[in-house]
Amino acid sequence: MARVTVETVEHVARLARLSLTEDEKRLFARQLEEILAWAESLQALDTSGVPPMSHPQGARVLREDEPRDGLPRETAFAQAPEAGDGLFRVPRVIG
Amino acid sequence: MTIGLAGLTAAEIRRRVAVREVSCVDVLRAHLDRIAAVEPRVDAFLFLAADRALDRARRLDSALAGGGPAPSLAGVPVAIKDVLHVEGLPTTCGSRILDGYRPPFAATAVERLEAQGAIVVGKTNMDEFAMGSSTERSAYKPTRNPWDRERVPGGSSGGSAVAVASRMVPLALGTDTGGSIRQPAAFCGLVGLKPTWGRVSRYGLVAFASSLDQVGPLARTVEDVALASSALFGEDPLDATSSGEPVPDFARSLEGHAAGLRVGVPWSFLAEGVDGETMARFRESLAALEAAGASVADVALPHLPHAIATYYLVATAEASSNLARYDGVRYGLRAPGIHDLRRLYGETRDLGFGAEVKRRIILGTFALSSGYYDAYYLRAQKVRTLIRRDFDRAFSACDVIATPTAPTPAFRLGEKMDDPLQMYLADIFTVPANLAGLPGLSLPCGLANGLPVGLQLLARPFDEETLLRAGAAHQKATRHHELEPPL
């Protein structure tokens with residue numbers, strides 16, 4: 001079964017763009033290991049030839065590709081922490 | 001304390017409004033008075049919207065004064081879980097990361113209730129992003145159970161359940177991803193329906209786990225749940241996964257007998273872990289259904305012991321993806337004074353999310369990460385298929401499947417806060433319906449040591465009609481729904 005270390009949590013937190021305190025990393029490592037140990041029962045099941053289920057059946061997931069109005073720009077920008085010149089502002093990403 | 005109009009069901013309010021015996025404003029004022037008296041003791045609401053509600057009640061009264069028929073929820077005050085957008089009101093999802101957020105559009109489910117004359121009085125408290133089974137994970141405050149204010153109301157739709165149980169509204173909307181309508185309904189002595197996945201539009205519902213989330217009503221009677229379902233159900237062009245399955249006339253399901261109904265009980269799954277008094281009430285409920293004409297037989301659902309593990313891998317994986325949108329760029333909280341984009345994301349999310357949300361993002365991201373995807377996420381999706389097949393087989397021999405809604409009555413505030421696994425295990429009877437996409441109904445089935453417990457009935461996809469028929473028969477035979485909390 002999966003060993004969950006503080007390094008595992010750090011790696012996953014990086015993927016999830018989540019900063020964590022040292023205390024949170026230790027706590028989540030312990031709790032994650034406990035939860036995954038509990039989920040170990042799934043490994044014993046025979047799932048050969050069983051298709052994965054992504055959502056309940058019957059969903060009509062495709063529609064006609066017809067243009068329709070989205071949110072007006074000013075409405076969309078009204079909620080932004082920082083915006084201007086018709087753009088969302090973020091810290092500089094290119095040196 | 002006499003609470004007058006505030007004690008009425010939605011159906012009774014609508015009837016009195018329709019014959020012009022009372023005005024929508026009178027009904028609303030009675031409920032606002034009740035809220036003023038009771039809300040400080042239970043903390044069900046995050047926001048009240050008295051002015052908006054009065055304005056709408058007045059407008060509806062004017063329209064009715066001009067003649068014409070009253071719509072199906074005319075003048076019925078409703079509370080909305082703060083995960084659904086209401087025009088003109090904030091949405092926080094119980095999270096700091098959406099503090100001050102004003103949605104630019106409204107949820108279809110809310111608009112459908114308002115189109116039938118329902119009056120929104122406020123937004124209700126919830127576990128942050130609906131992740132929790134107690135409403136203690138709200139970033140703002142815990143909500144208290146009116147039956148015992150030292151106990152949780154259940155969750156994540158705890159605020160909606162308490163608003164209805166405390167007679168502040170007759171009807172509320174919740175959402176159910178793994179039991180978040182049914183379990184608080186059980187803990188507060190209410191009727192709660194999780195419709196079939198696809199029955200109710202999710203447009204304007206903030207996503208937690210998209211393949212599991214479903215909107216549904218909580219009320220004090222089966223009749224009111226049926227009334228709300230008729231308004232809520234149906235296809236919505238704004239939600240491509242909403243179903244075009246025809247919506248039956250639920251009024252016909254409420255005759256109050258269960259002749260010929262075949263009830264399946266997965267006895268081996270209930271053999272351990274269920275509180276003794278809860279089990280006693282469950283057996284009495286089965287007897288009540290039998291007396292109303294139903295037959296009860298054992299059914300096998302061999303993969304149910306794996307449902308919790310499957311659920312917490314699938315739900316957290318979907319959540320980790322859905323919650324990626326909270327990045328401090330387009331809306332919501334942004335961590336101040338940070339000049340590096342990567343740190344801006346990380347610090348904003350650290351600041352904005354509570355412990356349970358972070359834990360689930362970590363678990364879900366882990367289950368989806370390279371090297372673990374096959375062993376955890378993909379395997380959970382395959383076991384999900386096995387659970388669905390169990391139900392398909394079981395429903396060849398029965399019409400509904402009965403279990404207790406939760407293994408115990410409401411637990412104490414704080415009791416499970418430090419032990420996430422114990423909190424997850426409280427959802428053992430409710431998560432299978434979400435995994436399989438089935439409708440599920442929780443009905444009050446009496447008290448266990450003074451606290452309400454629930455009977456859960458599950459049915460085939462899109463067969464809410466049978467659930468409501470069985471629920472109406474149970475309600476007629478038992479009258480547990482008339483019990484009032486000692487508030």
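Predicted model: local features only at pLDDT ≥ 70, side-chain atom pairs only at ≥ 80, totals over all residues.
The phi angle of B:R479 is near 65°, which is a positive value in a residue other than glycine. With 10 C-beta neighbours inside 10 Å, B:R479 counts as exposed, because the cut-off for that class is 12 or fewer.

Most residues other than glycine have a negative phi, and most peptide bonds are trans.

## Helix 15 against helix 7

Helix 15 of chain B, residues 464-478, packs against helix 7 of chain B, residues 222-232, at an angle of about 160°, and their axes are 9 Å apart. Since angles over 145 degrees count as roughly antiparallel, helix 7 and helix 15 of chain B are therefore placed in that class. On the side of helix 7 of chain B the contact is made by B:V222, B:A226 and B:S229, while helix 15 of chain B contributes B:E464, B:L468, B:G471, B:A472 and B:Q475. Sorted by class, this contact between helix 7 and helix 15 of chain B has 4 nonpolar, 3 polar and 1 charged residues.

An α-helix has 3.6 residues a turn, so residues three or four places apart point the same way.

Helix 1 of chain B covers residues 10-18, and its buried residues are B:A10, B:A11, B:I13, B:R14 and B:V17. Viewed down the axis of helix 1 of chain B, these buried residues fall within an arc of 160°, so they line one face of the helix. The elements of chain B that cover them include helix 2 (24-42), strand 4 (171-175), strand 6 (215-219) and helix 7.

Just after helix 1 of chain B comes B:R20, with a positive phi of about 60°, although B:R20 is not a glycine. B:R20 is found in the loop between helix 1 and helix 2 of chain B, and with 11 C-beta neighbours inside 10 Å it counts as exposed.

Helix 5 of chain B has 8 of its 8 residues buried, so it is largely enclosed by the rest of the structure. Those buried residues are B:G158, B:G159, B:S160, B:A161, B:V162, B:A163, B:V164 and B:A165. Helix 5 of chain B is followed by B:R167, whose phi is positive, near 65°.

The loop between strand 3 (119-124) and helix 5 (158-165) of chain B contains B:S156, and the peptide bond from B:G155 to B:S156 is cis, with omega near 10°. B:P142 also has its place in the loop between strand 3 and helix 5 of chain B. Leaving aside residues up to four places away in sequence, B:P142 touches B:D43, B:T135, B:E136 and B:L413. The C-alpha atoms of B:P142 and B:G159 are separated by 9.0 Å, and the two residues are 17 residues apart along the chain.

## Helix 9 against helix 12

Helix 9 and helix 12 of chain B pack at an angle of about 125°, with their axes 9 Å apart, and they are therefore oblique to each other. The crossing of helix 9 and helix 12 of chain B is left-handed. Helix 9 of chain B makes the contact through B:A307, B:T310, B:L313, B:V314 and B:A317, and helix 12 of chain B through B:Y376, B:Y377, B:A380, B:Q381, B:V383, B:R384 and B:I387. The residues of this contact between helix 9 and helix 12 of chain B divide into 9 nonpolar, 2 polar and 1 charged.

## The side of chain B that touches chain A

The contact between the chains takes 54 residues from chain B and 44 residues from chain A. On the side of chain B that touches chain A, at least two residues each are supplied by helix 9 (307-322), helix 10 (341-352), helix 11 (355-368), helix 12 (374-394) and helix 13 (420-425) of chain B. The largest share of this side, 10 residues, comes from helix 12 of chain B. By class, the side of chain B that touches chain A has 26 nonpolar, 15 polar and 13 charged residues.

Methods
Residues numbered from 1 in each chain as written. Chains lettered and ligands numbered in written order. Axes fitted to C-alpha atoms, helices over the stretch in contact; angles between N-to-C directions. Helix = DSSP H or I, 4+ residues; strand = E, 2+ residues; numbered from the N terminus. Parallel < 35°, antiparallel > 145°, perpendicular 65-115°, else oblique. Contact = placed C-beta atoms within 7 Å. Nonpolar A, V, L, I, M, F, W, Y, C, P; charged D, E, K, R; others polar. Buried ≥ 20, exposed ≤ 12 C-beta atoms within 10 Å, placed from the backbone. Arc of directions from axis to C-beta. Left-handed = near helix turned anticlockwise from the far one by under 90°.
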